[in-house]
Amino acid sequence: MTKLKGEHMSLFDKKKSQGVHPPGNKMASGKAIEPAPLPTQVVLPLSQHIGAPAKALVKKNDEVLVGQVIAEAGGFVSVPIHSTVSGKVKKIIQVISAVTSRVGDAVVIESDGKDEWVECTGADPNTLSKEDILAKVKDAGLVGMGGATFPTHVKLQPPKDKPIDSIIVNGCECEPYITSDQRLMLEHGEEILRGLSIMMKVIGCQRGYIAIEDNKPDAIQAMQALIPKLELPGNITVESLKTQYPLGAEKTLLKRILGREVPIGGLPMDVGVVVQNVSTLKAIHDAIYLGRPLVQRVVTVSGIVKEPKNLMARFGTSASDLIEFCGGALPDADEMIFGGPMMGIAQTSFDTPIQKGTNSVLVKKNTKKKETNCIRCGTCINACPMDLLPLMYPAYVKNKDYAVLNEYYILNCVECGSCTYDCPANIPLVQYIKIGKAEVAKLGVDK
Ligand code: SF4
Ligand code: SF4
């Protein structure tokens with residue numbers, strides 16, 4: 001098939017707006033991070049990351065401490081899992097992974113309420129070699145906490161033929177409702193910057209950009225004020241960017257800041273850039289300076305709950321416990337999403353445990369409307385930040401014509417949901433796209 005990308009500009013005579021403007025609804029933005037109560041029990045899936053699941057090292061009735069490794073990495077693209085409470089292993093069960101949607105093992109641990117930790121020994125990163133830092137990052141179980149959950153030690157080791165000149169810190173948090181990164185920048189900016197500095201040292205690059213949307217002026221100001229105080233090596237600046245969904249998607253962010261386009265099916269490293277989320281940088285800081293494994297994160301609990309909050313919560317805590325701590329869900333709540341309303345994943349139960357990639361627990365009322373036929377209005381095309389033709393995908397997915405999907409650049413979709421947001425026919429385009437992308441990847445067709 002001949003070139004399709006951009007063809008739609010003649011097919012649909014409309015000026016592209018690229019992206020949409022969903023209401024921000026940042027209800028918890030003024031709420032300082034507070035610790036969630038210690039859970040009485042945690043459920044820790046062994047596949048909380050992209051890559052091979054971790055392999056269990058514990059069995060029923062084993063006693064564990066907070067931070068103790070309970071499952072070892074299952075390969076290079078994998079990370080260990082640590083206990084997030086002290087107590088006793090109750091059982092190992094099967095759960096559906098919130099990352100891969102496949103069934104896998106999860107370790108259930110009953111807390112003894114003592115919150116006893118393993119010994120954590122921090123270090124000055126200046127005294128550590130690059131290899132030491134990478135080993136500590138892997139041992140701490142770090143993954144991309146913006147939702148991608150790609151193992152951080154792998155991201156810190158780009159192939160030698162892909163030199164990196166810039167790191168972009170993703171502090172955009174463009175999804176409605178979510179404020180966990182904003183609060184981290186306001187309350188833990190120094191750790192984020194020190195984490196960035198460690199990352200720049202390991203990757204060997206001198207340029208760091210901290211990207212923040214201009215609807216968070218407090219975070220922009222806080223980070224700008226910190227940079228000169230810390231006197232970190234390299235050139236680090238804050239980039240204040242006009243708010244527009246989905247600016248936080250890696251590829252759109254990179255294009256906006258550096259004007260570079262990631263090749264179709266490629267990664268930011270293909271154009272000399274690594275993008276890292278602010279929560280992950282804080283976790284890198286904690287792993288190196290404090291020697292702390294990843295056992296908790298900031299989760300925004302918002303939507304139709306009595307009191308939206310930003311909570312520091314242990315992995316494995318059930319979402320319903322966090323919702324209760326926020327005063328409970330309001331009466332018409334019937335749906336819970338991990339992540340935001342645009343890219344988040346609806347969970348089958350309010351009891352689903354939060355994981356490393358869970359930045360938000362969003363409680364809402366299901367407002368899905370009946371899907372009707374496409375009216376070829378072009379709204380989805382105008383909304384797509386990747387210059388794709390979303391309206392073409394459902395039919396080819398239904399017909400299992402996966403090779404054609406590839407020719408329509410489906411692998412370049414960042415699954416931002418902009419196309420679905422305003423579709424007058426209520427077509428769940430992203431659902432079709434996710435199926436299509438998985439099938440195209442299985443085919444192994446040229447990207
Ligand atoms: S898929 Fe929806 S938004 Fe796109 S052209 Fe069809 S009706 Fe319009
Ligand atoms: S096709 Fe993909 S990238 Fe384009 S708007 Fe839809 S979800 Fe976003």
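A residue is buried if 20 or more other C-beta atoms lie within 10 Å of its own, exposed if 12 or fewer, and partly exposed in between, with C-beta atoms placed from the backbone. Asn426 has 12 C-beta neighbours inside 10 Å and therefore counts as exposed. Asp115 has 14 C-beta neighbours inside 10 Å, so Asp115 counts as partly exposed.

This is a predicted model, in which local features need pLDDT of at least 70 and side-chain atom pairs count only at pLDDT 80 or more, while totals for chains, interfaces and linings use all residues. Residues are numbered from 1 along each chain as its sequence is written, and chains are lettered from A and ligands numbered from 1 in the order in which they are written.

## Backbone features in loops

Helices (H or I, at least four residues) and strands (E, at least two) are DSSP runs, numbered from the N terminus. Asn426 is placed in the loop between H13 and H14. Its phi is near 55 degrees, a positive value in a residue other than glycine. Asp115 is also not a glycine and has a positive phi of about 55 degrees. Asp115 sits in the loop between strand S8 (103-111) and helix H2 (130-139).

Tyr245 and Pro246 are joined by a cis peptide bond, with omega about 5 degrees. Pro246 lies in the loop between strand S11 (235-241) and helix H7 (250-258).

## Helices H5 and H8

The axes of helix H5 (residues 189-203) and helix H8 (residues 278-289) come within 7 Å and cross at roughly 80 degrees. Axes are lines fitted to C-alpha atoms, for helices over the stretch in contact, and angles run from 0 to 180 degrees between N-to-C directions. H5 and H8 are therefore roughly perpendicular to each other (under 35 degrees is roughly parallel, over 145 roughly antiparallel, 65 to 115 roughly perpendicular and the rest oblique).

Residues in the contact include Leu196 and Met199 of H5 and Leu281 and Ile284 of H8 (C-beta atoms, placed from the backbone, within 7 Å). The contact divides into 9 nonpolar, 2 polar and 4 charged residues. Ala, Val, Leu, Ile, Met, Phe, Trp, Tyr, Cys and Pro count as nonpolar, Asp, Glu, Lys and Arg as charged, and the others, Gly among them, as polar.

## Surroundings of the ligands

Among the residues around ligand 1 are Cys374, Cys377, Cys380 and Cys423 (a residue is near a molecule or strand if its C-beta atom, placed from the backbone, lies within 6 Å of it). The shell around ligand 1 has 9 nonpolar, 2 polar and 1 charged residues.

Of the 16 residues around ligand 2, Cys384, Cys413, Cys416, Ser418 and Cys419 come nearest. H14 gives the most to this shell of ligand 2, with 3 residues.

Methods
Two residues are in contact if their C-beta atoms, placed from the backbone, lie within 7 Å.
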